[in-house]
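Visitor: Walk me through reading a structure like this one, feature by feature.

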Amino acid sequence: MRGSHRGCILGGVPERISEVTALLAEVLAPRAPLTVIVDGGDPGAAAAFASRLAAAFPPASRAWSIDAVLGLTGPGAGGFDSALNVLEPATDQVLVYLRGGPRNRFTAGDGERRAQVVIDNRDPEWPVIRHVHPDLADPDRWYLSESRAFFAARAANWDVKFGDDMPAYAQAVREAGVRPGDVAIDVGCGTGRALPALAAAAGPAGRVIGLDFTPDMLTEASRAGRDAAATLVVADARRLPLAAAAVDVVFAAGLVNHLPDPVAGLAELARVTRPGGRLAIFHPIGRAALATRHGRTLRPDEPLSEARLAPLLADAGWTVTHYEDGDDRFLALATRA
Ligand SMILES: C[S@@+](CC[C@H](N)C(=O)[O-])C[C@H]1O[C@@H](n2cnc3c(N)ncnc32)[C@H](O)[C@@H]1O
């Protein structure tokens, strides 16, 4: 990970941990009386995080705290599991799940799904909030700052890690049907891996814009020279700085499953697209393989599942024309109604 993102130390605690625990304390403290249960992560990670979280609450609001909870397996059990598989969320009980560690890989019951707060804790000094139940906090409170923290830490190594995928992006761009003279946008463009192919397809009479809300990603795109292919703009996909119906083709790779409200996000993409314009939702790896890479099992109710995506797109103003979820890529194409 990039050195500059290790952050500084505040009172002995890395700044990122302080940011996350302060945000959670601000969201949770007004809801007291309340029990906060932290689980997941590497052995010891939950206890460490819980004590830092407790320290972020005003002392007067702390009724009691514990250093660790020991879960005992019953007969027949043997693998790692999560306490969140046996506890229920309740109005006076908030479940916080830390991603990472052996339980993330081997858990049978996937306790994360029951948690109201999910934190990526693979690097315990760089925890990032990935989900907060909307009943606890409006996404506007945490989504932008936390998503940026997540992707900023990955920007410098993004192309090193995924660089071999460039031909797959070029093929997806061809299938998206970009024509000479088109205005094409790449939303959540990251380091701009699709931008050269989009620029080649749109030609000198066309225009390509890469938009991403993580400035570090766009810095890497420029470093790789992809600012020669496109105008790069720091922008949130949920509020694009573009006029209605200004765009012919929207390319979105690895974006939709990061949106807190997929229909609202897809509707914003529809707003900027002219009638008959096209949308390509792409990923250079299929959903099942991606889930395995992330150590989770695939759910049928995820936004990109075949059963859910068509109705979501229809609600947002799109008609699906192609759906493909193979081993080595995901590609859904849609037309603006
Ligand atoms: C999984 S990465 C994919 C990057 C690039 N499209 C690729 O395929 O290499 C997701 C990117 O979307 C960006 N992103 C996520 N949510 C966004 C939003 N609401 N608005 C703009 N960018 C967003 C992130 O900053 C990140 O660069």
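Guide: Start with residue classes: Ala, Val, Leu, Ile, Met, Phe, Trp, Tyr, Cys and Pro count as nonpolar, Asp, Glu, Lys and Arg as charged, and the others, Gly among them, as polar. Here the shell around the ligand divides into eight nonpolar, six polar and four charged residues. This is a predicted model: local features need pLDDT of at least 70, side-chain atom pairs count only at pLDDT 80 or more, and totals for chains, interfaces and linings use all residues. Residues are numbered from 1 along each chain as its sequence is written.

Visitor: Which of the 18 residues around the ligand come nearest?

Guide: Gly-188, Gly-190, Thr-214, Ala-253 and Gly-254 do. A residue is near if its C-beta atom, placed from the backbone, lies within 6 Å of the molecule.

Visitor: How do I read a sheet?

Guide: Strands are DSSP runs of E, at least two residues, numbered from the N terminus. Two strands pair if DSSP finds at least two bridges between them. Here seven strands form an open sheet, in the order S9-S8-S7-S10-S11-S13-S12, with mixed pairing.

Visitor: Which strands stand at the edges?

Guide: Strand S9 (231-234) and strand S12 (318-325) do. Each has a single partner strand, so one side of each lacks a neighbour in the sheet.

Visitor: How many bridges join S12 and strand S13 (residues 330-336)?

Guide: Seven, in the antiparallel sense. As one example, His-322 has Leu-333 in S13 as its bridge partner.

How values were computed. Helix = DSSP H or I, 4+ residues; strand = E, 2+ residues; numbered from the N terminus.
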